[in-house]
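Here's a quick briefing to read alongside the structure. Keep the 3D view open and click along as you go.

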Amino acid sequence: MAYNVLISDPLSEEGIHPLREVENIHVVMETDLSPAQLEDRIAEFHALLVRSQTQVTRELISKATNLKIIGRAGVGVDNIDLDAATENGIIVVNAPNGNTNSAAEHTVAMMMALSRNIPQAFHALKNRKWDRKKYVGVEIRNKTLGIVGLGRIGAEVAARAKGQRMDVIAYDPFLTAEKAEQMGIGYGTLEEVLKKADFITVHTPLMKETRHMINAKSFEIMKSGVKIINCARGGIIDEDALYDAIVSGKVAGAALDVFEEEPFIDHRLLDLEQVVATPHLGASTIEAQEIVAIDVSRDVISFLNGDVVNNPVNLPSVPSEIMHKIAPYFHLAEKLGTFLIDLTNEVPEEVSITYSGDLSGIEVAPLTRNTVKGLLKRYLGSHVNDVNALYLADKKGIKVNESKTSSTKGFTNLITVVIKTNSGTRKVSGTLLNGFGPRLVKVDEYSVDVTPQGHMVVIQHVDQPGVIGRMGSTIAKHNINIATMQVDRSDIGGNAIMVLTIDKHLETEALAELKSLEEIKEVTAIDL
Ligand code: NAD
Ligand code: MLT
């Protein structure tokens, strides 16, 4: 299949080289499209690559009828409507590691520029003003840097600040005393950090929980003369409250790289001499831009080729070594789901998946998604995929349970899927036989050994002499060849099951004739 990839924000040409190299991928770089133009054209594309400028809204996604993947060349995904992407089965990937260093360096550069009034002094000198008195600064040595959000960038900033002999104190919900000690920094609550710091830098993502987390109340508890840095995201700091705090003299200055609305060209904060600013340049280095574009291009190529991606945003991130271990089970998991839904022919209320043996000690969330995908496809069609399977199940009120057990029941690995419907519970188990591929090994309580593929018939009957022959001749009458047959029974003369694989679909007429046989309790045609 040929794929069209749209790059709608400027990306490093070297970075997107891997994409241009792929024969069936056609790359279009259009970085000046208005939102309306983008909406008009988006249906042409299977992949969209953006930085922070393109707003990937729900409206845009609703028009993106062929879009399979959105690649964000950078960390922040606040310009992408993740819920809308997930609901529409579009995977979002980002490049979280490539610009960490550049963003940390920029943060330190901004802190230095702020402490020594470098931009203001430079600006004055450009205007032929030699003023040494006005631009006296402060040292950062022995000052306390408060870091809010100690993730990748926050931690790099901490290391650099320590190199500048600053005292560092941080707040991050994941920061423990032990980790802070290892890093040689202090830690506290948000309030403690805000109260103690001479410089405060924020490095959280922008989310509803962090929007305006630094606000008028926060400025009130800070030290007088504090300096603020934001190289993370506009909106983490309330810009109006910051303006007031600077004008009142509480805050001595601010260094801002990011803004609530970008481009940020017409804002009163820019009129204040105490504010130094750059136009969202944190990640704008040759190195970072190349790395993020390469990372995201590689994930787009992998995804379009059906391979595992490294940096999914709207799927749980599973380490690649685990992903490679469980990838061979994807097909089995999906087929178990489809088999079971065909067998019951009813919408499930609850799905419970148990992983045993080799699968009991590893992350299996992607297998659960594949099983649920297999179940839902029968009712919701082919737009169900790994990305939206659990969302759609939840929306349809289907409870999904996942459990693990080390008990192997004689198999080195086993996936058992149980579904609860209005009329009862049905169960199927499958295993991956080393060298032989996937096998169905249990249907309800009966043992079988069948490859889950192609056309199948599951017949529940009474264990009596002649039944198998009668069923065989009925099927033969309809010119259908039986490829394999598995039979099992509860006890002699009791309930029994027959699982056949046949060479073509079992038509309604043949199905009805089979059902009319006296000993038959249930016949289900399954196409995998
Ligand atoms: P990260 O995910 O590694 O770190 C974010 C940290 O914030 C995490 O440790 C998380 O626990 C913490 N956090 C979340 N909510 C918090 C809260 N309420 N209070 C305190 N901490 C909280 O992300 P990162 O790669 O370090 O990026 C940090 C920010 O920098 C993001 O907003 C990203 O978009 C931005 N960024 C900006 C530029 C730029 O060009 N200016 C470049 C790269 C990244
Ligand atoms: C990011 O979140 O990675 C940055 O905003 C970088 C960018 O794309 O400009």
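What follows covers the ligand, the sheet, some salt bridges and a surface patch.

This is a predicted model, in which local features need pLDDT of at least 70 and side-chain atom pairs count only at pLDDT 80 or more, while totals for chains, interfaces and linings use all residues. Residues are numbered from 1 along each chain as its sequence is written, chains are lettered from A and ligands numbered from 1 in the order in which they are written, and side-chain values use heavy atoms, with hydrogens and water left out.

**Around the ligand**

- Ligand 1 has 27 residues around it, where "around" means that a heavy atom of the residue lies within 4 Å.
- Arg 152, Ile 153, Asp 172, Thr 204 and Asp 257 come nearest to ligand 1.
- Now for some polar contacts, meaning pairs of N or O atoms within 3.5 Å (within protein, one must be able to donate a hydrogen and the other to accept it, and residues adjacent in sequence count only if both atoms are side-chain atoms).
- Asp 172 uses a polar side-chain atom, which sits 2.6 Å from an oxygen atom of ligand 1.
- Cys 231 has a polar backbone atom 3.0 Å from a nitrogen atom of ligand 1, and Ala 283 has a backbone N or O atom 3.2 Å from an oxygen atom of ligand 1.
- On its own, ligand 1 would expose 850 Å², and the protein buries 87% of that; accessible areas come from the Shrake-Rupley method with a 1.4 Å probe, and for residues only the protein chains shown count as cover.

**The sheet**

- Helices (H or I, at least four residues) and strands (E, at least two) are DSSP runs, numbered from the N terminus.
- Seven strands form an open sheet in the order E8-E7-E6-E9-E10-E11-E12, with parallel pairing; two strands pair if DSSP finds at least two bridges between them.
- Strands E8 (186-187) and E12 are at the edges with a single partner strand each, so one side of each has no neighbour in the sheet.
- Strand E6 (residues 144-148) pairs with strand E9 (residues 199-202) in the parallel sense over four bridges, and Gly 146 stands opposite Ile 200 in E9.

**Salt bridges**

- How many salt bridges does a search of the whole structure find? There are 26, each one a side-chain nitrogen of Lys or Arg within 4 Å of a carboxyl oxygen of Asp or Glu.
- Arg 41 and Glu 30 form one of them, at 3.0 Å from N to O. Arg 41 is in helix H2 (residues 35-41) and Glu 30 in the loop between strand E2 (25-29) and H2, so the pair ties together parts 11 residues apart in sequence.
- Arg 160 and Glu 156 meet at 2.6 Å, N to O. Both are in helix H7 (residues 152-163), four residues apart, or about one turn of the helix.
- Asp 240 and Arg 268 form a salt bridge too, with their closest N and O atoms 3.4 Å apart. This pair links distant parts of the chain, 28 residues apart: Asp 240 is in helix H11 (residues 239-247), and Arg 268 is in the loop between strand E11 (251-256) and strand E12 (275-277).
- Glu 334, Lys 373, Lys 377 and Asp 386 are joined into one network by salt bridges that share partners.

**A nonpolar patch**

- Ile 468, Met 485 and Val 487 make a nonpolar surface patch of about 220 Å².
- Met 485 belongs to strand E20 (residues 482-489).

Methods
Patch = residues over 30% accessible without salt bridge, like charges linked within 9 Å, V, L, I, M, F, W, Y side chains within 5 Å.
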